[in-house]
Every structure is written in C-alpha cells, then in structure tokens.
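Try each task before reading its solution.

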Amino acid sequence: MPIKKKRDRVWIIILTALMIFFILILIFLLGLKEKEIKFTFLLNESREPIEGEVFIKDISVGTLDNGSILIKKEKLKEVTEFLLIVTYQNEKLKFLFNLNPEDLQSDSSNFVLSQNQLIDKYWYINGPHWTHMPITYNIVNKKECGEYERNIILLAFNELHKDTEGTVSFREVNESGDIEINCSFVENCYFYEISVDAMGSFYKIITRERICAHTLGLAQITEYEGNKILKAKIELFGLTGFSEKSDNGRVYDAKKSGFEISDCGYPDTEIHEILHVFGYDHRNNPDSIMNPTAELIGALYKEDLCKSAISSIDLDIVEDLIQNYKEIIPRI
Ligand SMILES: [Zn+2]
C-alpha cells in the first residue's frame, strides 16, 4: 500500500515540524521571562539591610521585594541605573545606583550605600547639577570678609532660597562646605584725594574717590563626577584701603567694609557667583544678573552706581531652578 505509506510519512514530517515549532516557541518564551536580580542594600556604617521602593530610569518595571528587583529581560540592556528610595529614621533617602553588566549576570549583589558616591537626589537633571539640598557653604576667612560682607553673602543665599520658593536651599557650615567662600582684597586700588584749588581769594576743597578696575568675584566648580557638581569655590574681592586702612593717619570710615563699594547693599556679585556654581553662564542681556558686569567694577567710582544695580534674578533662571530641583520622581 504505497499511498498509505506515503501519507504516513507526510504526517510524520508535519508532526515533527509542529514539534520543532512548539519547542522554538517555548525557548522564545523562556527567553522573554523576567529576570530577577537579588540585591542586598546595606547601610554604610551599621551594615544593616534596608528596604524601599525602586525606580528604574526610563523603565516601567521595578519593585523591591525582599531585596530583589524584577526587570523584563528585553529591557535589561537598557538598564544602566536605578533609584532606590528608602525611609530611614523618618527621612526619605534617595540613592542612585549604576547597574554593572556583571551584576546582571549574577543572581545576587551587595550594595553598600555610601553617602558620597551614590546619592543623587536630582538624578533626572541632564545638565550639571548639585546632588542634594541644602547645599552647604563655608566662609573660609570670616574675619577678613567682615560683618558687612558676611551679611551680603547671607542675603544672596536667602534671596535664591526665597525666589525659588524654598526649592533651592543652603546651610552655613564651619568647615568643608560644598561651596567654599573666600574673601580676598585688592591692594592699592582705592584713592581718596583732597586737593585745594585757589580761585582768586577763595579756596575750593576738592575731594575725589578713585578705584581701579578689578574683578569683584570669581566662581569655579572644582569637583565634578559626570554631571554631578560635588564641590565649588567662590572668591570675593574687596578693596584694601577703602575702609580698613587709614588715609594719611585718618581712618576714612571705620564702619565701612572693603566690600561695600559698588554693591549698593544688594548682593548682585554674590548671586552672580553662586549661579555660576550652579552651572549658569554669562549672558549678554545688560539686565541679566549673569551679565559679566555684575562681577566687575569700573575704573571710576560713580556716585550713581546704585542706579545700575540689577537687584533681581532673571525669571527664567528662577523657573529653571524650581523646575530642576523640585524633586519629581517619574512614576510610570
Ligand atoms: Zn561671571
């Protein structure tokens, strides 16, 4: 019966093909299975394990259950970092981790939460950014800065805090701040001249104040890690001789500080420098606090200098700061 035999062979081929097809589907489905990666999160000092929520950047899946994270396998390649949120001693701590390819292969990994390297509260900001609030600042040489300038610095930080509705905050520390502030003095820059002009039988006393052109402030981000700003330095320049030194043995004005000139009581220069250490650059707009003139002084001291004081922070910078540092955690 050759026809029947032929039919049987056809069936065998069809069944074998179906079996191979199903085996292939099974292999494919197994391949798609979510991969579980086990992590133990330990606190740096106490080494106690902690638990919390996990947010994986750009990826919708992410749960932390007894120290393990489930990530869909097809998404695995895209995972480079994840955010762990834990409540510890009534404070919500956020830690940003990098995910190494080696971690993905092993079943279990230990992560130690180190304050310095892992915290980035503002991990979602693409540009250069600070990693925590409040940002600490340390006035290195308080005595040299003097009371006047210390108040102006405080005013600058308060202004930024107030304008950003508290989003950006600062705290003064007595050593090793995120921002180190130093006061320097420009020597032989201030001249107070008195001359007497004879006009017939009258004499006219002419007083004149003269100041050389110089920088009022300098700012520098001194330590980066990727786009994370870790440390910065601000140098503020006052004038020696404007107040601290006597003029021909006569103290010109003991109450004035070498910093008092040109700022008109408004912390233009100080805010300008602080915004530099947030990554903001100079602007051409003369009304902008980031105009380079905010940190320079002209060749001559003018009586009406206060009229050109800027006295407000650019609205778009304020909005940018609020937008960036308001702590949005994208939940999907
Ligand atoms: Zn500048």
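**Exercise 1.** Find where Asn-188 lies and decide whether Asn-188 is buried or exposed.

*Solution.* Start with the chain: in this predicted model, Asn-188 sits in the loop that runs between strand S11 (179–186) and strand S12 (190–199). Next, count neighbours: Asn-188 has 10 C-beta neighbours inside 10 Å. A residue is exposed if that count is 12 or fewer, so Asn-188 counts as exposed.

**Exercise 2.** Describe how helix H4 (residues 142–163) and helix H5 (residues 268–276) pack.

*Solution.* Two packed helices are described by the angle between their axes and the distance between the axes. Here the angle is about 55° and the axes are 9 Å apart. H4 and H5 are therefore oblique to each other, and their crossing is right-handed. Now list the contact: H4 contributes Ile-152, Ile-153, Ala-156, Glu-159 and Leu-160, while H5 contributes Glu-270, Ile-271 and Ile-274. Sorted by type, the residues of this contact are 6 nonpolar, no polar and 2 charged.

**Exercise 3.** Work out which residues of helix H6 (residues 315–325) are buried and what covers them.

*Solution.* Ile-317, Leu-321, Asn-324 and Tyr-325 are the buried residues of H6. They span an arc of only 75° around the axis, so they lie on the same side of H6. Exposed on the other side are Leu-315, Asp-316, Glu-319 and Gln-323. Finally, the cover over the buried residues of H6 includes strand S8 (129–130) and H5.

Methods: Residues are numbered from 1 along each chain as its sequence is written. This is a predicted model: local features need pLDDT of at least 70, side-chain atom pairs count only at pLDDT 80 or more; totals for chains, interfaces and linings use all residues. Axes are lines fitted to C-alpha atoms, for helices over the stretch in contact, and angles run from 0 to 180 degrees between N-to-C directions. Helices (H or I, at least four residues) and strands (E, at least two) are DSSP runs, numbered from the N terminus. Angles under 35 degrees count as roughly parallel, over 145 as roughly antiparallel, 65 to 115 as roughly perpendicular and the rest as oblique. A crossing is left-handed if the near helix is turned anticlockwise from the far one by less than a right angle, and right-handed if clockwise. Two residues are in contact if their C-beta atoms, placed from the backbone, lie within 7 Å. Ala, Val, Leu, Ile, Met, Phe, Trp, Tyr, Cys and Pro count as nonpolar, Asp, Glu, Lys and Arg as charged, and the others, Gly among them, as polar. A residue is buried if 20 or more other C-beta atoms lie within 10 Å of its own, exposed if 12 or fewer, and partly exposed in between; C-beta atoms are placed from the backbone. The arc is that of the directions from the helix axis to the C-beta atoms.
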